[in-house]
Amino acid sequence: MGEHISEALFERFLRTEVSREEGRWVVRHLISGCPQCSALAFRLSSELGLWPAKGSAKRGWEQAYEEVFSRAMAFASDQERRLALEKLRGWGQWAELEPVNPQLRFVMVDSDPSYHTFGLYDRLLEASRWYIRSEPAEAVDILRLAILVAERLNPAEIGPERLADLRANAWAMLGNARRLASDFEGARRSFNEAWRILEEGTGDPAEEGYILSLEASYMKDIGEFETAESALEEALEKYQEANDPHQQGRILLQMGEAIGHINPKRGLSHIKKALALIDAKQEPRLELCAEHDLAWFLTEMGRAEEALVVLDRARPLYKRFPDKWTQLRLHWLEGRIAYRLGEHARAESIFSQIWEEFRARNLNHELVLVSIELAQVLTSRGEPARAAELAAQIPPIMKGWGMHKDALAAWAVFQEALAQGAAAVDLFARMSDYYRRHWFIPAKFGQRVS
């Protein structure tokens, strides 16, 4: 069987036409929490008329679940049946709650015990992942709801220690969502609460590793790259203790990304180790991220020819992920390699195109970083006036974002150096480092980090 449940297989599953082996695989795959297949299961069950996808007939689809699973899951154990049923119910419950405003959702869930299930908790965590990049504020509301559900779960049924793990997990995810919403004080409080609750948990090292990995992203965003790397080293030890090679690869990749932009040699070392551990069949996008970072850090170290070999090797992976952000990252990497190979005209063309794309998509941080690189290319081509013109476009844009005064002052230094044709070679690297480390947390340009 493939990596995911096909529509035909799930339809046969609902009609009880699957073999015992196929049925057990479907159940176990749904229990694993695969979001793609859980969504398919909810959609097809609704389309086939097992319960209304919308409306108030909640008991109708619950009865339909019971009927279908009593027949189609006769081959499963009681525990497997109960868990799969709860998870699919969670999709139905979230379908009812999603259109409702967050305040009313909270009241509905708090007052109705039928919502106090592991299935809804699990679905809310998954729903938050869908929103977390595009609408982090919505993800925050969904995770607050997940915490409410976790607090209402029955400790006697789940176990008090396991329940503490679930609550801590939700608090850590809330911290991550608040980070992405630029609420760093709220993120810090959420992570502190996650650690407090986890002290009552099972002691599973993987739970600690997961919270550490999310907290490290917060540390990276506030510019504490070295602290993030140290936290991830601890997370790596937890996953080694849990004997989970794939998660070890994930953490090593995160370590490389955390430290590589300020110390590409160390980042490169982490990425190479990650590639040896990541299960590409389980998460092919992780393999692409690792190959991308490998080429990026090789380029940063002046090894552009090697980076080009890695890039060519990874091109089939880029084709598997045609989303705009992945393709923009590919072109950005191509521009950086072209510049390091001395192909300045090509680098200028690529950087100019992605500059426009970043501007149109409000990718503010990326816009500033690529502006620095484009200015460097123009300076290298002997066109300092054009570099200065480019730099002059940025301050009004930054002010529109509400950038802090130190970031604006740093750009003024950069702009003045370009205007005078006096931009030293190391100024571009120093500017990139500054805006990576101090994008959110103010600091004077040139201030050393202890």
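The legends below walk through several close-up views of one predicted model.

Residues are numbered from 1 along each chain as its sequence is written. In this predicted model, local features need pLDDT of at least 70 and side-chain atom pairs count only at pLDDT 80 or more, while totals for chains, interfaces and linings use all residues; side-chain values use heavy atoms, with hydrogens and water left out.

View 1. Helices (H or I, at least four residues) and strands (E, at least two) are DSSP runs, numbered from the N terminus. The chain has 450 residues, and 52% of them count as buried. Buried here means under 20% relative accessible area, exposed means over 50%, and partly exposed is in between (1.4 Å probe, protein chains only). Take the contacts between residues at least 6 apart in sequence: 62% of them join residues at least 24 apart. A contact means heavy atoms within 4.5 Å.

View 2. As for cover, 16 of the 21 residues of α10 are buried.

View 3. Move on from α10 and you meet Ser182, which sits in the loop between α10 and α11 (184-198). Its phi is positive, about 65°, although Ser182 is not a glycine. Most residues other than glycine have a negative phi. With 40% relative accessibility, Ser182 counts as partly exposed.

**View 4. Asn362, another loop residue with a positive phi.** Asn362 is in the loop between α19 (344-360) and α20 (364-380). Asn362 isn't a glycine either, yet its phi is positive at about 55°. Its relative accessibility is 60%, so Asn362 counts as exposed.

**View 5. Helices α6 and α8, packed together.** Two packed helices are described by the angle between their axes and the distance between the axes. Here α6 (residues 102-111) and α8 (residues 136-152) pack at about 10°, with axes 10 Å apart. That angle makes α6 roughly parallel to α8. Axes are lines fitted to C-alpha atoms, for helices over the stretch in contact, and angles run from 0 to 180 degrees between N-to-C directions. Angles under 35 degrees count as roughly parallel, over 145 as roughly antiparallel, 65 to 115 as roughly perpendicular and the rest as oblique. On the α6 side, look for Pro102, Arg105, Phe106, Val109 and Asp110. The α8 residues they meet include Glu138, Ile142, Arg144, Leu145 and Arg152. The residues of this contact divide into seven nonpolar, no polar and six charged. In that count Ala, Val, Leu, Ile, Met, Phe, Trp, Tyr, Cys and Pro are nonpolar, Asp, Glu, Lys and Arg are charged, and the others, Gly among them, are polar.

**View 6. Gly119, a buried glycine in α7.** Gly119 is part of helix α7 (residues 118-131) and, at 1% relative accessibility, is buried. Glu86 is 33 residues away along the chain, but the C-alpha atoms of Gly119 and Glu86 are separated by 4.4 Å. Setting aside neighbours within four places in sequence, Gly119 is in contact with Glu86, Lys87 and Gly90.

View 7. Ser134 is in the loop between α7 and α8 and counts as exposed at 57% relative accessibility. Ser134 and Ala181 are 47 residues apart in sequence, and 9.9 Å apart in space, C-alpha to C-alpha.

**View 8. Met398, buried in α22.** Met398 belongs to helix α22 (residues 394-401) and is buried, with a relative accessible area of 0%. Leaving out neighbours within four places in sequence, its contacts are Val368, Met403, Ala407, Leu408, Trp411 and Tyr435. Met398 and Val368 are 30 residues apart along the chain, with their C-alpha atoms separated by 8.9 Å.

**View 9. Val26, buried in α2.** Val26 is found in helix α2 (residues 20-31), with 0% relative accessibility. Not counting residues up to four places away in sequence, Val26 touches Ile5, Leu9, Phe10 and Phe13.
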